[in-house]
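Look at the two chains and find the place where they meet. The text below leads through that contact.

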Amino acid sequence: MKFCAVKQYFDDENNNNITSGASTTMIPLPNVESHPLAILITYCKKHLKIKANNADNKKETEKEMEQYEQELLKKVMPQELTELILAANYLNFKEALDFFCRAVASAIQNKSIEFVRKFFGLESDFELGEEEKLREEFAWSFEGVDED
Amino acid sequence: MMPYIPQELITEILARLPVKSLIRFLCVCKEWYALITDSDFIKLHLKSSIETNRDRTLILNEDEFSPPLRYFSAVQFSKDNQFRKTFEIYKPLQNWVISDYCDGLVCLHKGYEKLEVAIWNPLVRKYRKLPIEPIEEPSSFSSAIRFSHLAFGHDPRNDDYKVLRVTEFYMADSMEFEVKVYSMRSNSWKKIDEQWPNKEICCQKLLALNGDVYWLAADRVVKDLESILAFNLATEKLRLYETPVPPDDDQFTCLDVLGGFLCYIVNDYLNSDVYLMKKNGVESSWTQIFKIKQHVVCRDFEYFRTLMFSTNGKKVLLEEHQECGHTNLIWYDIEKKRCYRVKNRSFPYVFMVATCIGSLLLLDGDNVIDPRQKKNKGKRKRN
């Protein structure tokens with residue numbers, strides 16, 4: 001089971017000897033919104049399906065997965081990525097967490113300081129002149145950055 | 001409203017960024033500055049760079065006979081094994097030469113005695129000169145010929161980067177050694193008092209691999225007996241290994257590193273046999289992995305260095321040194337037994353490759369200031 005947090009829930013239930021019996025069990029996930037959860041479920045199902053289809057061929061699995069991931073990224077807004085990361089982290093879904101972290105890294109890689117601050121809701125808290133000094137020292141890292 | 005992202009997730013995102021982005025993001029806020037400069041993060045980021053070949057850059061180090069240039073030629077070598085276009089990296093110290101490299105750091109030296117040594121991270125544009133450690137001549141060796149060798153590597157046990165300097169003193173009948181080790185953590189040199197075997201270093205370079213420094217040594221007494229010596233950077237003890245095959249008189253041998261393993265190459269004018277020590281430190285694990293027939297497969301080469309395997313392990317990237325002096329990078333397909341030359345007009349005529357990977361080590365070093373950078377200062381748009 002990929003959603004390790006959910007698996008943990010089932011394991012805990014079994015340990016407490018609660019007869020769950022029915023296939024429809026309600027599992028509380030207070031920290032996950034429905035929209036990112038839906039995307040993660042789709043991602044998970046797709047991942048398992050591709051893996052099953054290419055049982056022995058790891059390379060094929062990777063290739064197909066990459067193609068699916070590229071398609072998925074086109075449909076997801078950058079702002080949604082942070083929600084997806086939080087959801088994947090809460091559910092302890094490692095593959096999705098890795099993927100979405102990579103996606104955010106890719107999205108911000110060539111962006112300006114101002115863009116990144118806005119994206120993560122951060123503000124500069126440097127002392128007077130500190131930031132200026134850093135920008136001076138590492139001026140070369142500001143070259144070729146995307147326009148905001 | 002932007003959801004609050006806990007620090008460990010920010011770390012996960014940052015660990016997947018290339019070096020240039022991380023350097024720029026030092027300015028985002030104090031928290032990010034602290035995160036990026038944290039030594040545990042730097043280790044995590046380095047590990048991720050090594051696994052994904054992120055920021056992999058080959059510095060094409062020209063030899064000492066080429067006219068002195070102010071810039072190194074370099075080429076980005078992406079994770080899908082494509083060479084991007086060459087570019088120039090400003091040399092932090094003019095007239096210094098590359099001796100070794102490890103984890104994105106390059107070790108430079110000046111002079112044949114190698115008294116002046118520096119460590120440089122080209123992708124972060126920082127360097128540090130090591131304190132000068134004099135060579136102590138053994139008594140009765142005052143008129144000896146002496147020669148120093150340097151190696152630079154990581155000591156995993158102490159998580160320290162070290163420089164090993166071995167100086168050989170030759171007289172007519174005898175030889176002596178002086179061995180010193182520099183530790184980046186303590187920024188100091190130390191003399192090694194270990195008794196050194198009476199064997200000459202007979203290869204071009206010392207090789208650092210997984211905390212050991214290896215070289216080929218020829219016995220001074222038993223002619224033609226060649227061994228591999230290994231000095232452990234943590235225990236500071238020497239070990240002796242047998243070569244996989246005893247070489248003949250008309251063969252010449254080299255030691256190299258390939259895919260994280262020690263590699264032994266036996267050349268004669270017909271073939272080059274390449275052996276790999278598949279299990280570190282286990283002599284019986286020497287395995288011949290391929291043989292290159294000189295005239296059938298490649299042009300006349302004098303020797304080659306093994307650089308790295310392709311991602312699927314079916315090809316090997318070689319640095320081919322031709323008899324006429326020209327250097328080529330070639331892919332050798334192990335199964336098909338064929339060579340493919342990497343065509344790139346901007347590669348220098350003669351060079352040796354130093355491989356760098358995305359690393360944030362030495363962030364507290366001195367700045368390398370490219371004079372071309374300063375010129376553009378006024379014109380560049382502030383971001």
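This is a predicted model: local features need pLDDT of at least 70, side-chain atom pairs count only at pLDDT 80 or more; totals for chains, interfaces and linings use all residues.

Residues are numbered from 1 along each chain as its sequence is written, chains are lettered from A in the order in which they are written, and side-chain values use heavy atoms, without hydrogens and water.

Chain A gives 46 residues to the contact and chain B gives 35 residues, where contact means heavy atoms within 4.5 Å. Between them the chains bury about 3,800 Å², 64% of it on carbon and sulfur atoms; buried area is the accessible area (1.4 Å probe) that two parts lose on being put together, summed over both. On the side of chain A, Phe138(A), Trp140(A) and Glu143(A) lose the most area to chain B, together 17% of what that side buries.

Three salt bridges are counted between chain A and chain B, each a side-chain nitrogen of Lys or Arg within 4 Å of a carboxyl oxygen of Asp or Glu. In a salt bridge, the side chain of Glu137(A) meets that of Lys126(B) at 2.5 Å, N to O.

Now turn to helix H7 (130-137) of chain A; helices are DSSP runs (H or I, at least four residues), numbered from the N terminus. Which residues of H7(A) are buried? They are Glu131(A), Leu134(A) and Arg135(A), buried meaning under 20% relative accessible area (1.4 Å probe, protein chains only). Seen down the axis of H7(A), these buried residues fall within an arc of 100°, so they line one face of the helix; the arc is that of the directions from the helix axis to the C-beta atoms. The buried residues of H7(A) pack against H6 of chain A together with helix H3 (30-37) of chain B.

Definitions and conventions
Helices (H or I, at least four residues) and strands (E, at least two) are DSSP runs, numbered from the N terminus. Buried means under 20% relative accessible area, exposed over 50%, partly exposed in between (1.4 Å probe, protein chains only).
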